[in-house]
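Biologist: Pick one spot in this structure and walk me through it closely. Keep it chatty, but spell out your cut-offs.

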Amino acid sequence: MNPALSVVFLTTLIGAGQGLFVAMYVAQAGGAMGALPVQDGVRFYALGSALSLLLLGGGLLASFFHLGHPERAWRAVAMWRTSWLSREVIALPAFMAAVFVYGALHYLGWNDNLFGAASPGGGWTYVAGGVGVLLCITLFVCTGMIYACIKFIEEWHTPFTLINFTLLGVASGFVLATGFSAFAAPALVKFFGAWAITLTLVALIFRAASLLRNKRIRHMSNLQTAIGVKHTKIQQKAQGAMGGSFNTREFFHGKSALFLRSVKWIFLVLTFVAPVPLLWLALSSGAAALFVLAHLVQFIGLIAERWFFFAQAKHPQNLYYQTIS
Amino acid sequence: MTQLALVIDLNVCVGCHACVTSCKQWNTSGAAGPMSDDNPYGPEPTGTFFNRVQTFEVGEFPNTDTIHFPKSCLHCEDPPCVPVCPTGASYKRKEDGIVLVDYDKCIGCKYCSWACPYGAREIDEHQKVMKKCTLCVDRIYSPALPEAERIPACVMACPTNARLFGDIHDSESEVSVAIRERGGYALQPEWGTHPANHYLPRHKTKMHIHEDELVRVDNPLKKEGFPPHDPREPALDDIN
Ligand code: SF4
Ligand code: SF4
């Protein structure tokens, strides 16, 4: 496929926004159980929710650039019964609304306990956050399934797609949370940092596994099944267009194999390898700038990762578009 | 149930592109607006087509065969492109099985084109909506056209009659008989899309000459039990 920058930014930005929200909610739950220091509502949660919303909004904005008719985007909620894309279009604003409510409740300090003082996790913010987490998971599933449900794009048609979208989103959110807490909640830096490193390494395992899987794919379709001629030597001589077509522009990345390989190694290094020592160094030295650097490096890596995710996918329609003449 | 479809005979298609041009002519002049054409006479012509004819060479020189392969939306009976459409702009008609795009609803997200394994959908770069073969839905029922012309423009244009049009759910229709009796097959059957359009295979006409058709076994000049004729001896024809 030819990676569309709009979708690359959509998926990476909302992933980080979702991850940041999960990180905040985990910290809050830890606070309620007494395992973590309790944080200030405005300085940490409200600000953090705003940051998360900024990322989600950025992703939403990017997605509009993918559409030919953005002014009709509202129509995309219609087919939620059958289309994962439609489900995502519903889940994203719903999740954003939940994050907004969560942040607003913290900002206003409305955290009356719904179940009486005896249950520490009963406040309004917990409930709103819990709903938010459910919507967050829904959103991860929707985003992943958009790609995973197309069975003939075999690089995508695997549980790894879902797992990787989720793990990479959560990991990048935790890395961001580490940097954010260095400013807003220094007591949580160690907690977030440790999880950021752990999640990044776990994500590496699954991403590497998916790379190995995709390397071994033997594609079901070939030129023989595409045109229905049983012969091992078939060559396309003309594709019915002399200057290319939508089919040659949308489904080919147009880069060399070497370029693709380089992007693979670049994203492996930037997303998984580089952030770990950076975080480590930041944790031990306490230099806030290093946290920000770790997040930026990883985010650039994630953009490369998503680019590669699209570029690596081989669409069977390409069988019909091999030779221009 | 009705499922309209094309059956394309690869054995007689000569790759003249008459179907391509007549398709474009009809569909660019319709109520849905023109189909993009950029640089039509420039070095990099590109545009939207519902139908393209591709050419493949099968085999290795000198034993090659050229196959001209017209390709358009196959109006799959189980179209993967339809359920993925978030707006419902892509739909399959119950009454005749034609897969259509409602250009007024389409948001141009291109997701349906990703979900078609055949590359049958093309976005119109100017109208920014997804386009594909409509099986000339605006011809085949049109009371404005004479009865004989109520067929897709490509079918009408084909000079070799390589394109048949009809209902593949009617077992006695021309298309069903052709599929049944002449080895009609579906493209990429591995994905379970059940394309309605079928292709009739290319087959070379060969003469099969058997040895005993060259040498007459019942040569009257030979009698049973006689030793076979020695070619060094003069035959009856040689003796005048
Ligand atoms: S050929 Fe492609 S566009 Fe046409 S119905 Fe089948 S899947 Fe859909
Ligand atoms: S491009 Fe149009 S027809 Fe295709 S999935 Fe998107 S909205 Fe539906």
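Modeller: Let's start with a helix pair: helix 5 of chain A passes helix 6 of chain A in a left-handed crossing, meaning the near helix is turned anticlockwise from the far one by less than a right angle. Bear in mind that this is a predicted model, where local features need pLDDT of at least 70, side-chain atom pairs count only at pLDDT 80 or more, and totals for chains, interfaces and linings use all residues. Residues are numbered from 1 along each chain as its sequence is written, with chains lettered from A and ligands numbered from 1 in the order in which they are written.

Helix 5 covers residues 159–184 and helix 6 covers residues 189–215; helices here are DSSP runs (H or I, at least four residues), and strands are E runs of at least two, numbered from the N terminus. The two axes come within 8 Å and cross at roughly 155 degrees. Axes are lines fitted to C-alpha atoms over the stretch in contact, with angles running from 0 to 180 degrees between N-to-C directions. Helix 5 and helix 6 of chain A are therefore roughly antiparallel, a label for angles over 145 degrees. Their contact has 19 nonpolar, six polar and two charged residues. Ala, Val, Leu, Ile, Met, Phe, Trp, Tyr, Cys and Pro count as nonpolar, Asp, Glu, Lys and Arg as charged, and the others, Gly among them, as polar.

For context, strand 1 of chain A pairs with strand 4 (residues 51–60) of chain B, antiparallel over four bridges; pairing takes at least two DSSP bridges. There, A:Ala238 stands opposite B:Thr55.

Conventions: Parallel < 35°, antiparallel > 145°, perpendicular 65-115°, else oblique.
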